[in-house]
Amino acid sequence: MIEQYLEELNKQQLEAVKHYNGPCMVYAGPGSGKTTVITHRVGYLIQHYKVDPNKILVISFTKAAADEMRLRFESSYDWLLHGKQHVNFGTFHSVFFRILRSYYRYDLSNILNEGEKFGIIKNIVRTLGVGNKLDDELIKDIILDIGLFKSNILNIDDFSPNSMSKDDFNRVVLSYENYKNDCHKIDFDDMLTKCYELLISQPTVLQAIRNMYQYILIDEFQDINSVQFEIIKLLSSSKENLFVVGDDDQSIYSFRGAKPNFILEFDKIYKNTIRIILNLNYRSQENIISTANKLISNNDLRIKKSMLSTKEPGVDIQLFRPKTRELENKELSDLINSLIKEGYSYSDIAVIYRTNILSSSIVDSLLDSNIPFASRENIYNIYEHWMAKDLVAYLRSALDINDREAVKRIINRPTRYITNKAMNEADGYHKDFITSLKVKGNLMPYQISYLDRLEVDMKTLSHLETRKAISYIRKEIGYDEYIYNYSIEKQISTNGLIEVLDELEETSSKHSSIMQFINHIKEFKESLYDNKRNYSYKDNQVELLTMHSAKGLEFKVVIIVEAVEDIIPHSKSKDEESIEEERRLFYVAITRAKERLYIYAPLNKYDKKAEISRFINEMEILNEKKSKLEKGQEIIHRVFGKGFIESINKSMIKVRFCNNNETKELDIVTCLENNLIY
Ligand code: ATP
Ligand code: MG
């Protein structure tokens, strides 16, 4: 009987599980059992209310989450399904595509994957002359814009793009739509909009689908966007058997058009909604919950709800402040190894970061320490970036001036005014391309002097250590200035590009010789390839995730890296509304932890001082290790505010406080034991 599976549920959870007909919304914080309630309710509908399993539709946001839910359901309730019966678990995309396919006879070959879409839009931008073929960031922004206006079901004339001028954007979109029509292709955005158009224009199709899915359950409802909700409204409109669970504090997809308001206004749209609130957290130790509560209470745009723990306080949250990124990566591997010695297994541990760009250096250090890892998403291979390829081409040319491909790549970056004509004429003359150009290229004296300079620079580079060499290319050869001018000309963010260069320079520092670095890039690519091939997230390996993809998951140990300003909150987030979304993102990340939470906030980033994330201060983590106190470090004193440690002397620290620029001598143990500084 099903009752045995429901024994551990609390009263509110049971009420949700036993809900039968009509709209119901479960509104609750992380770890309170929302996803758990969904799986049990499906079982209950089948066993107790005798609902046909085939008529139940369960939607989650990612394929991983939908698969996970199916597994959880099957592991408890497999015995409820007979013969061909099955429950439909899927993502919005998979469900809507199924609907489209039944009507339009699409098959998988009609779908444009994200990589193909990127290539096509890049081509269109190039052909129309509205961007530059090198600029991948622009293409990504255009793709985000297309997704935004489609997910809001807006007429293109009413949409203000962020990526480029309205006219240019309209032209790109028009060409893209024509291309797809001509080739009979649809992309992921179209799966939603075309499904919506189909259902509003074909009442018989709508009726058939309504009959097919009589009970609809949606997880992570706070991240639903307009077009998704409109479709769900159409499907559920006659019986209103719609059961949604969500948490406005975990809404993290507004950049894709998600509307957390839908969850807050759900009972206005469905007047008979039964509203159930769960406030017990079953996932995390009490320390983690109270810290998470402190953090999220800093958001103004929310409905206040408190989360209570069901667990012991547990181990203190640990904040580490290594001096550099390199040390952070090394300490991260050491920490994982010590957790393994303590008895945790690799798959108990998740390393979570804000932006994918940070994953390359983490992978570097895990590979060095032979720690098995996996990722559900693509690990960012920074060395595939076109600017990385430019820098590597410089390094290759420095090692071997006869490497024609490499020399050609960088000859005009920054520009040395060498025309294609000159290059064609020089081709094939001498194995040293620069010499060929000088002899055969019909160059003017000023062009020759640029090449002379380049030859001198190459010689200098060949004697430098990798990191110094990269810095030399950027600062002395003028690559940074070239990128700066390039971004101004293309009206794209300079910061985004410089961030990639900084990250490259920083990750290169581990390899002192240029040759070593070049070999490492090759190995990196190969091991990523092997990793992808062997990937199965059920294996015993540390999981690497962005904060976004961590949503809905849980791990015994969570390690968050790079908790510094400009990373989290991200430098792109300027206004209060986006800071609140970043805070929710951080909240999602820390509430994944069941037992242990470790946070790294290095003191320096890219050779500059890094400010600790404001979110850490808001969380009031006070137990920073005494041994971690060091000269120059920023501290916050509960009474005296922000200050910097001027000196450390046995048990005392001398701190200069920013308020009045005065110094004070403080007893370290008293400060730490009374949580006076953090
Ligand atoms: P999130 O918002 O992060 O997605 P959630 O609300 O969906 O969280 P679940 O993942 O369903 O939470 O549950 C969190 C954990 O608590 C799971 O490990 C689940 O098995 C456990 N759990 C849920 N309800 C209970 C209960 N009544 N007794 C014991 N454990 C429970
Ligand atoms: Mg959940």
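1. Overall fold. This is a predicted model. Residues 24 or more positions apart account for 73% of the contacts in the protein chain that have a separation of 6 or more. The chain contains 28 helices and 20 strands. Of its 678 residues, 40% are buried.

2. Dimensions. Along the principal axes, the C-alpha atoms fill a box of roughly 85 × 75 × 45 Å. A compact globule of 678 residues would have a radius of gyration near 26 Å, and the 28 Å of the protein chain agrees with that.

3. Helix α21, length. This helix runs over residues 445–462.

4. Helix α21, faces. Which residues of α21 are buried? They are Leu454, Met458 and Leu461. Because they cover an arc of only 65° around the axis, they sit on the same side of α21. An α-helix has 3.6 residues a turn, so residues three or four places apart point the same way. The face of α21 turned away from the buried side carries the exposed residues Pro445, Tyr446, Ser449, Asp452, Arg453, Val456 and Lys459. The buried residues of α21 pack against α17 (386–399), α20 (433–440) and α22 (466–475).

5. Helix α20. Here the buried residues are Phe433, Ile434, Ser436 and Leu437. Their arc around the axis is only 160°, which puts them on the same side of α20. They pack against α18 (404–410), α19 (420–426) and α21. After α20 comes Asn442, with a positive phi near 50°.

6. Annotated site. The unreviewed UniProt entry carries the annotation "binding site" for Ala28, Gly29, Pro30, Gly31, Ser32, Gly33, Lys34 and Thr35. Among them, Gly31 is found in the loop between β1 (24–28) and α3 (34–47), and Gly33 lies in the loop between β1 and α3.

7. Is Gly31 buried or exposed? Gly31 has 27 other C-beta atoms within 10 Å and is therefore buried, the cut-off being 20 or more. Leaving aside neighbours within four places in sequence, Gly31 is in contact with Asn281, Tyr282, Arg283, Ser284 and Thr591. Gly33 is also buried, with 23 other C-beta atoms within 10 Å. Not counting residues up to four places away in sequence, Gly33 touches Gln13, Leu278 and Tyr282.

8. Cis peptide bonds. One cis peptide bond joins Arg413 and Pro414, with omega about 0°; Pro414 is in the loop between α18 and α19. The bond from Ile568 to Pro569 is cis, with omega near -5°, and Pro569 is placed in the loop between β13 (555–560) and α26 (576–590).

9. Glu220 is not a glycine, yet its phi is positive, about 55°. Glu220 lies in the loop between β4 (215–218) and α11 (226–236) and counts as buried, with 25 C-beta neighbours inside 10 Å. Asn661, not a glycine either, has a positive phi of about 60°. Asn661 lies in the loop between β19 (652–657) and β20 (663–667). With 8 other C-beta atoms within 10 Å, Asn661 is exposed.

Conventions
Residues numbered from 1 in each chain as written. Chains lettered and ligands numbered in written order. Predicted model: local features only at pLDDT ≥ 70, side-chain atom pairs only at ≥ 80, totals over all residues. Helix = DSSP H or I, 4+ residues; strand = E, 2+ residues; numbered from the N terminus. Rg over C-alpha atoms; globule rule 2.2 N^0.38 Å. Buried ≥ 20, exposed ≤ 12 C-beta atoms within 10 Å, placed from the backbone. Contact = placed C-beta atoms within 7 Å. Expected span 1.5 Å × (residues − 1). Arc of directions from axis to C-beta. UniProt positions renumbered as here; feature names shortened; annotations may be inferred.
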